[in-house]
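This briefing goes through one protein chain by topic. Look at the sequence and the structure first, then read the points below with both at hand.

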Amino acid sequence: MELCRAFLILGWVSLFAGVLSASGCRASDDLETPSRRSAPEGPLPGSAGASHSPGVAQPGARRWEPAQEGTSWASRLGKKREALALEGGGDERSEAAVLAGLRWLARHQGADGGWHAKAFPGRCNGAKCGNWGDPDLDVGVTGLVMLAFLGAGFTHASSVEFPDPEIPGRVFRFGEVLKKGQQWLLSQQDREGGFGARSEKYMYNHALATQALAEAFGMSRAEVLKTPAERAVIFLVTAQNPGKGWRYAARSGDNDSSVTGWCVLALRSAGLAGLSVPQSTFDGANAWFDSVTTDDHDVGYTSKEATGHVIIPWNSERWADHDTLCALAFVTKFFTGQALPDARRKGFIERLVHDLPAGKDKTDYVYWNLGSLALFANQGSKSSEWQKWNEAMKMVILPLQASSRDGCKAGSWDGSERWGSGGGARIYATAINVLTLETYYR
Ligand SMILES: [Zn+2]
């Protein structure tokens, strides 16, 4: 058993070790000047004499930038991350899938630094990947992609390198990828602090961009990110319908549980990053979820009556419905520190456990993502509920990832599922599935 564990841990180190930057130099532009500079890379104190061979695991060697130690996200780093992945039910395959997904996302980053739901096939190597989506969602999918890189412990200061398996000689520096992504995102912020155009459903875009920027600031402590992140948070807080939730546009008077939940996730990350979020904002979100939750623990979309199957023509009518909003209600309560009565907590959890991740017409990436977040938060990795969910999640999510036999698609997920086929499509699908596989330490 111990040998097996050791093998798995070494396997992960090897998977994520990458190749240390030959120069070790950092560019000197403003995004490279976090207030707490990274310590020099290389062996940990006490592992004197350990010399690195590119891509070969060295026990005791630290291959991650330690700039984020002491922040709320230290669980994503190095050995903590490896131990938590193992403890939580991850394994060599899930970690390999995370890395393959990040490589695909790096390969399809736009030349301008953003990720583009429609235009990304222009970055393909050889045959186009296909399955493109809606350019109105570029800000949101860019935020989601950045969260996937941050979730694996990378920041813009990271200098580890990973070869691109599709293009011989090409090397990705995830730190550079994140830096360009951040710069693009910052270019999308307007004078009011909002991200992107005021398109039809812009609050999703803004919430995801805010969460990405908050975590990027929180993990790197880069001063240059602080003010944009603060402005983004103020925009989001101000956009809430007083005492209630959010919908697609600021203070529209309409509320829905989906947008509200994503806004809470963004503000929770902001709080963890040390950015100020009024308690009344979280109180409003909790009051919204209370107002739409039925006696049998179902959560409505726009009202208590609006439960059951949601139809979005040409997109979701072919797919089974899931209790995604129960997961969002649960994580809202949990992350904002509002105690749930035991019967309510059990009611939410039972709904999720009775609808474990499954493929075909039940494929629903956001349900798998938020269900994972809720069940892992509930009682940690030791609960039988999590273990059941986790095994089902891995069993369904891993085989759906494109493999090296699929050319440029390798590492990505097709967006043919309940929500992604007509929205963020392949970029969304890949980012959110990577995030799901990071649940153990994210
Ligand atoms: Zn491609």
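Val-299 touches Ser-257, Phe-289, Val-292, Thr-293, Leu-325, Cys-326 and Ala-329, leaving aside residues up to four places away in sequence. The model is a predicted one.

- Is Val-299 buried or exposed? Val-299 has 25 C-beta neighbours inside 10 Å, and therefore counts as buried, since the cut-off for a buried residue is 20 or more.
- Val-299 and Asp-323 are 24 residues apart in sequence, and their C-alpha atoms are 7.8 Å apart in space.
- Asp-321 also has its place in the loop between helix 9 and helix 10.
- Asp-321 has 16 other C-beta atoms within 10 Å, so it is partly exposed.
- From Asp-321 to Asp-355 there are 34 residues in sequence and 9.8 Å in space, C-alpha to C-alpha.

**The chain as a whole**

- The chain contains 14 helices and four strands.
- It has 442 residues, and buried residues make up 50% of them.
- Of the contacts in the chain with a separation of 6 or more, 71% are between residues 24 or more positions apart.

**The largest nonpolar core**

- In soluble globular proteins, nonpolar side chains tend to be buried together.
- The largest nonpolar core here has 108 residues, and Phe-149 and Ala-431 are the ones with the most contacts inside it.
- Helix 6 (residues 202-220) supplies the largest share of this core, with 12 residues.
- Which residues does Phe-149 touch, not counting those up to four places away in sequence? They are Leu-102, Phe-154, Phe-174, Val-177 and Leu-178.

**Helix 3 and helix 14**

- Two packed helices are described by the angle between their axes and the distance between the axes.
- The axes of helix 3 (residues 92-107) and helix 14 (residues 425-437) cross at roughly 150° and come within 9 Å.
- Helix 3 is therefore roughly antiparallel to helix 14, because angles over 145 degrees count that way.
- Helix 3 and helix 14 make a left-handed crossing.
- On the helix 3 side, the contact is made by Ser-94, Ala-97, Val-98, Gly-101, Leu-102, Trp-104 and Leu-105. On the helix 14 side, it is made by Thr-430, Ala-431, Asn-433, Val-434 and Leu-437.
- The contact of helix 3 with helix 14 has eight nonpolar residues, four polar ones and no charged ones.

**Helix 6 and helix 8**

- Helix 6 and helix 8 (residues 257-272) have axes that come within 8 Å and cross at roughly 15°.
- Helix 6 is therefore roughly parallel to helix 8, because angles under 35 degrees count as such.
- The crossing of helix 6 and helix 8 is left-handed.
- Residues of helix 6 in the contact include Met-203, Tyr-204, Ala-207 and Leu-208, and residues of helix 8 include Val-259, Trp-262, Cys-263 and Leu-265.
- By class, the residues in the contact of helix 6 with helix 8 are 12 nonpolar, four polar and one charged.

**Helix 10 and helix 12**

- Helix 10 (residues 324-335) packs against helix 12 (residues 365-379) at an angle of about 40°, with the axes 9 Å apart.
- Helix 10 and helix 12 are therefore oblique to each other.
- Helix 10 crosses helix 12 in the left-handed sense.
- Thr-324, Ala-327, Leu-328, Phe-330, Val-331 and Phe-334 of helix 10 meet residues of helix 12, among them Val-366, Tyr-367, Leu-370 and Gly-371.
- The contact of helix 10 with helix 12 is made up of 11 nonpolar residues, two polar ones and no charged ones.

**Positive phi values**

- Arg-251 is not a glycine, yet has a positive phi of about 40°.
- Arg-251 sits in the loop between helix 7 (223-239) and helix 8, and counts as exposed because it has 12 C-beta neighbours inside 10 Å.
- Lys-360, also a residue other than glycine, has a positive phi near 55°.
- Lys-360 belongs to the loop between helix 11 (342-353) and helix 12, and is exposed, with 8 other C-beta atoms within 10 Å.

Note on methods. Residues are numbered from 1 along each chain as its sequence is written. This is a predicted model: local features need pLDDT of at least 70, side-chain atom pairs count only at pLDDT 80 or more; totals for chains, interfaces and linings use all residues. A nonpolar core is a set of buried Ala, Val, Leu, Ile, Met, Phe, Trp, Tyr and Cys residues joined through C-beta atoms within 7 Å. Helices (H or I, at least four residues) and strands (E, at least two) are DSSP runs, numbered from the N terminus. Two residues are in contact if their C-beta atoms, placed from the backbone, lie within 7 Å. Axes are lines fitted to C-alpha atoms, for helices over the stretch in contact, and angles run from 0 to 180 degrees between N-to-C directions. Angles under 35 degrees count as roughly parallel, over 145 as roughly antiparallel, 65 to 115 as roughly perpendicular and the rest as oblique. A crossing is left-handed if the near helix is turned anticlockwise from the far one by less than a right angle, and right-handed if clockwise. Ala, Val, Leu, Ile, Met, Phe, Trp, Tyr, Cys and Pro count as nonpolar, Asp, Glu, Lys and Arg as charged, and the others, Gly among them, as polar.
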